[in-house]
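Here is a short tour of a protein model, written for reading with the structure open beside you.

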Amino acid sequence: MDPNVKKITRVGGFWMLFGLAFLAVGLLFLLLFLIEPTRTVGLTPDNVAIFAGVPVLLGAIFMCVRFGIIVDRLRRTVTTWWGLLVPFHKTEHPFSQTHHVILSREKRSAGRSRYEVFPVRLEGAGTDAITLHEPRDYDKARQLGEEIAKFIRLGIRDRSSGEEIVREAGALDQSLRQRVRRSSRSVPLPAQPPAARAIFSYGGTRAPATIDIPPVTHWVWFVLAGLMVAGLSAVLIELDPKLRKDLPDMGHLFFTFLVLLCLVPPALLFIAHRMGAVHHERLIVSPGELVLTRRSLFGTNTARLLANEIEEVEITRDTMSTFGGAAAGRIVIRRDRGSVELGAMRSEEELQWLRDVLVHILTTEESAK
């Protein structure tokens with residue numbers, strides 16, 4: 001294998017699902033024919049190949065759809081291709097040392113649903129952008145971008161947070177601490193905003209600091225909202241003239257209310273959990289590590305990040321919530337092994353304060369040594 005050529009192949013997710021659907025339909029027709037051939041309407045030994053074989057064949061073809069890129073750092077070209085297991089169609093794009101790997105965030109829509117993608121592209125002045133991949137997960141996009149950038153020795157411009165973060169070639173694996181030390185700059189410990197909801201306990205440069213971030217709202221409010229929605233929905237359902245012609249009896253109304261009670265409050269609590277609205281977060285930060293403990297109704301999770309692994313502590317803006325729509329800014333702690341988000345739905349002042357506190361504790365003492 002040529003060490004100057006990198007090949008990355010990926011499965012077409014949509015085509016894979018499409019192929020599975022065709023395959024399932026074809027196998028279902030075949031199974032029905034094998035079980036009871038005389039009672040299966042429209043299927044005879046003469047046309048079973050059409051009703052079962054064609055969907056199976058189409059499903060197998062769709063499941064073999066592949067996309068990929070071939071990066072040649074000696075010829076300075078990137079070849080994008082698609083095909084069935086092997087390339088059928090190739091497009092070659094030249095690049096130069098003036099190009100950069102670009103990570104961005106874009107909103108897409110498919111019918112009524114909206115989603116986000118994180119395109120990874122090669123961009124250079126005066127040339128068309130070369131799209132390498134468009135994952136829906138930021139960490140996958142970041143890993144691919146770093147893999148390509150390291151291979152062809154280019155820098156990265158990360159625009160996914162709303163602000164461009166520049167990481168030069170040769171410094172992609174540098175931690176936040178190393179970059180601060182290299183730039184000979186420091187982030188002073190900021191004063192906590194008066195209206196901040198976080199509880200900050202700072203014992204000095206030699207002791208770990210503790211930051212307690214209370215939930216945006218208590219889970220009880222979601223339960224009460226669920227009770228109200230379930231009650232009103234039960235009454236409206238029972239009084240709907242299209243469903244009933246007479247007045248509902250209390251027993252039937254109570255049963256409808258119980259059914260909705262088992263569905264609506266848990267759904268609201270799940271939505272609140274996914275949005276991070278009912279999480280209680282505790283950060284224990286020292287120059288050596290950051291420990292995040294997140295407690296909610298669904299249990300407690302703890303993440304431990306070594307300080308020399310943390311590459312960025314940034315504020316993300318203009319993001320989308322899990323269920324669509326705009327979401328508030330968040331603190332994102334990035335490293336090669338994945339990102340950790342915290343501080344959901346905080347004010348802009350408190351977001352900036354929390355970010356500066358983390359950077360100060362993670363870097364100041366080491367810079368002073």
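**A bridge to begin with**

Ser201 has Thr210 of β13 as its bridge partner. This is a predicted model: local features need pLDDT of at least 70 and side-chain atom pairs count only at pLDDT 80 or more, while totals for chains, interfaces and linings use all residues. Residues are numbered from 1 along each chain as its sequence is written, and side-chain values use heavy atoms, with hydrogens and water left out.

Helices (H or I, at least four residues) and strands (E, at least two) are DSSP runs, numbered from the N terminus. Two strands pair if DSSP finds at least two bridges between them.

**Around β13**

- Strand β12 (residues 199-201) runs antiparallel to β13, and three bridges join them.
- β13 is also joined to β14, again in the antiparallel sense, by five bridges.
- Thr210 has a bridge partner in β14 as well, namely Ile284.
- Four of the five residues of β13 are buried, so the strand is mostly covered; buried means under 20% relative accessible area, exposed means over 50%, and partly exposed lies in between (1.4 Å probe, protein chains only).

**The nonpolar cores**

- A nonpolar core is a set of buried Ala, Val, Leu, Ile, Met, Phe, Trp, Tyr and Cys residues joined through side-chain atoms within 4.5 Å.
- The largest one has 28 residues, and Leu283, Val313 and Leu358 have the most contacts inside it.
- Elements giving two or more residues to this core include β13 (209-213), β14 (280-285), β17 (312-316) and α8 (348-368).
- α8 provides the largest share of this core, eight residues.
- Leu358 touches Ile211, Leu283, Val285, Leu290, Val313, Ile331 and Ile333, leaving aside residues up to four places away in sequence; contact means heavy atoms within 4.5 Å.
- Another core lies apart from this one, with 22 residues, among them Val71, Leu122, Ala149 and Ile152.

**The four-stranded sheet**

- Four strands form an open sheet in the order β1-β2-β3-β4, with antiparallel pairing.
- β1 (5-11) and β4 (86-94) stand at the edges with a single partner strand each, so one side of each has no neighbour in the sheet.
- Neighbouring strands here are turned by 20° against each other on average, direction ignored.
- Eight bridges pair strand β2 (residues 65-72) with strand β3 (residues 77-84) in the antiparallel sense.
- Phe67 stands opposite Trp82 in β3.

**The five-stranded sheet**

- Another open sheet has five strands in the order β9-β8-β5-β10-β11, with mixed pairing.
- Its edges are β9 (130-133) and β11 (165-167); each has a single partner strand, so one side of each is left without a neighbour in the sheet.
- The twist in this sheet averages 25° from one strand to the next.
- Strand β5 (residues 100-103) pairs with strand β8 (residues 120-123) in the antiparallel sense over four bridges.
- Ile102 stands opposite Arg121 in β8.

**Helix α3 across both sheets**

- Helix α3 (residues 138-152) lies across β1 and β2, running at about 165° to β1.
- α3 also lies across β5, β8, β9, β10 (156-158) and β11, at about 180° to β5.
- For these angles, axes are lines fitted to C-alpha atoms, for helices over the stretch in contact, and angles run from 0 to 180 degrees between N-to-C directions.

**Aromatic rings and charges**

- Rings of Phe, Tyr and Trp (its six-membered ring) pair if their centres lie within 6.5 Å; planes under 30 degrees apart count as stacked, over 60 as edge-to-face and the rest as tilted.
- The count comes to four aromatic pairs by this rule.
- Phe22 and Phe62 have ring centres 5.6 Å apart and planes at 65°, so their pair is edge-to-face.
- Phe22 belongs to helix α1 (residues 13-35) and Phe62 to helix α2 (residues 48-63), so the pair ties together parts that are 40 residues apart in sequence.
- Phe22 is partly exposed at 26% relative accessibility, whereas Phe62 is buried at 17%.
- The rings of Phe200 and Tyr202 are stacked, with centres 5.8 Å apart and planes at 25°.
- Phe200, Tyr202 and Trp353 form one aromatic cluster.
- The charged end of Lys6 sits over the ring of Phe151, 5.2 Å from its centre, and Arg73 lies over the face of Phe151, at 4.3 Å from the ring centre.
- A charge sits over a ring if NZ of Lys or CZ of Arg is within 6 Å of the ring centre and within 35 degrees of the ring normal.
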